[in-house]
Amino acid sequence: MALCNRFRSGIFNKLQILTSQRSNLQRSFIAPSTSLVSRNYADFPGQKEKKVKIPKALYGGSGNYATALYIAAVKANAVEKVESELLAFAEAVKNSVVFSQFTKDPSVAKDIRVKAIQDICGEAKFSDVTKNFLVIVAENLRLKNIDTIAKRFVELSMAYKGEVKATVTTVFPLPAEEEKALKDTLQEMLGIGAKVHLEQKIDPSILGGIVLEFSEKVFDMSIKTRAQQMERILREPVNIGNI
């Protein structure tokens, strides 16, 4: 919310001016071949190189960007700060029509795109890791994917902090005591050292019961699924010879 307010004051007007400018030169939309992982977004003089272990393999373009940012954040001992800044930036994109259009418009000249991101990061007082990363994302025309990149980075950040995300889907919100009981049960299942981050989702289509997802496992105990299973059983032909 604070970042959104910053957009509305001064920097937001500057962004609108920048987006109105267009380059008349032909531009290539081919992303550079430089490996993202090989580029360090937080190089500090005299800093000893630190080998970073990736806690979870991510695939696809967004996964590669998130992994590269994670490596830089770990080396700078700033994983939680970078996570907070990246989520704030992604939220600001979603909450502003003008800014969202700006991130998705390939016709905006690279220098304008980069200058806007540098100004925004400076106004928001983002760390060098986040700022340098967003500049590279802007250069490579990947700002349109920032929401997905942020979500993938959160996966790595949670693993780094020993957190396990669990999602419970119900027809109605769980009462506080039931949510706590479910969270405690998951904590016991996962053991000491893991911190459960429980997210609730509401989906009336499951009719009742719950669907629990965590650690790439799905426990579907919904009425909808049970009804579908029962329907399949009732449709199976009866073998009279076994009666």
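Which residues lie nearest the centre of the largest pocket? Select Lys56, Glu155, Met158, Val164 and Lys165: they sit nearest that centre, out of 20 lining residues.

Before you click further, some ground rules. This is a predicted model, where local features need pLDDT of at least 70, side-chain atom pairs count only at pLDDT 80 or more, and totals for chains, interfaces and linings use all residues. Residues are numbered from 1 along each chain as its sequence is written, and side-chain values use heavy atoms, with hydrogens and water left out.

**Stop 1: the pocket**

The largest pocket holds about 700 Å³ of space. (A pocket here is an open set of points on a 1 Å grid over the protein atoms alone, where a 1.4 Å probe fits, with protein on both sides within 12 Å along at least five of seven lines; lining residues have an atom within 4 Å of a point. Points are joined across faces, edges and corners, and the volume is the space filled by probe spheres set on them.)

Now colour by element: helix 7 (146-160), strand 1 (163-170), strand 2 (195-202), strand 3 (209-214) and strand 4 (217-222) each give two or more residues to the lining. (Helices, H or I of at least four residues, and strands, E of at least two, are DSSP runs numbered from the N terminus.) Helix 7 provides the largest share, five residues. Domain 1 (61-159) and domain 2 (163-235) each supply at least three lining residues; the bounds come from an automatic or database domain assignment.

Colour by residue class and you get seven nonpolar, three polar and ten charged lining residues. (Ala, Val, Leu, Ile, Met, Phe, Trp, Tyr, Cys and Pro count as nonpolar, Asp, Glu, Lys and Arg as charged, and the others, Gly among them, as polar.)

**Stop 2: salt bridges**

Stay on Lys56 and show its partner Glu155: they form a salt bridge, closest N and O atoms 2.9 Å apart. (That means a side-chain nitrogen of Lys or Arg within 4 Å of a carboxyl oxygen of Asp or Glu.) Lys56 is in the loop between helix 1 (2-19) and helix 2 and Glu155 is in helix 7, so the pair ties together parts 99 residues apart in sequence. Lys56 is partly exposed at 32% relative accessibility, as is Glu155 at 27%. (Buried is under 20% relative accessible area, exposed over 50%, partly exposed in between, with a 1.4 Å probe and protein chains only.)

Next, pick Lys165 and Glu199, whose closest N and O atoms are 3.3 Å apart in another salt bridge. Glu199 is in strand 2 and Lys165 in strand 1, so this pair links parts 34 residues apart in sequence.

Then jump to helix 9 (residues 223-235), where Arg235 and Glu231 are four residues apart, about one helical turn. Their side chains meet in a salt bridge (2.6 Å, N to O). Arg235 is exposed at 66%. The structure holds twelve salt bridges.

**Stop 3: the cores**

Select Leu86, Phe89, Ile117, Phe133, Leu134 and Phe153, which touch the most other members of the 41-residue largest nonpolar core. (Such a core is a set of buried Ala, Val, Leu, Ile, Met, Phe, Trp, Tyr and Cys residues joined through side-chain atoms within 4.5 Å.) Helix 2 gives this core its largest share, eight residues. Another core lies apart from it, with nine residues including Ala166, Val168, Leu186 and Leu198.

**Last stop: Ala78**

Zoom to the loop between helix 2 (60-75) and helix 3 (79-95) for Ala78, which is buried at 12%.
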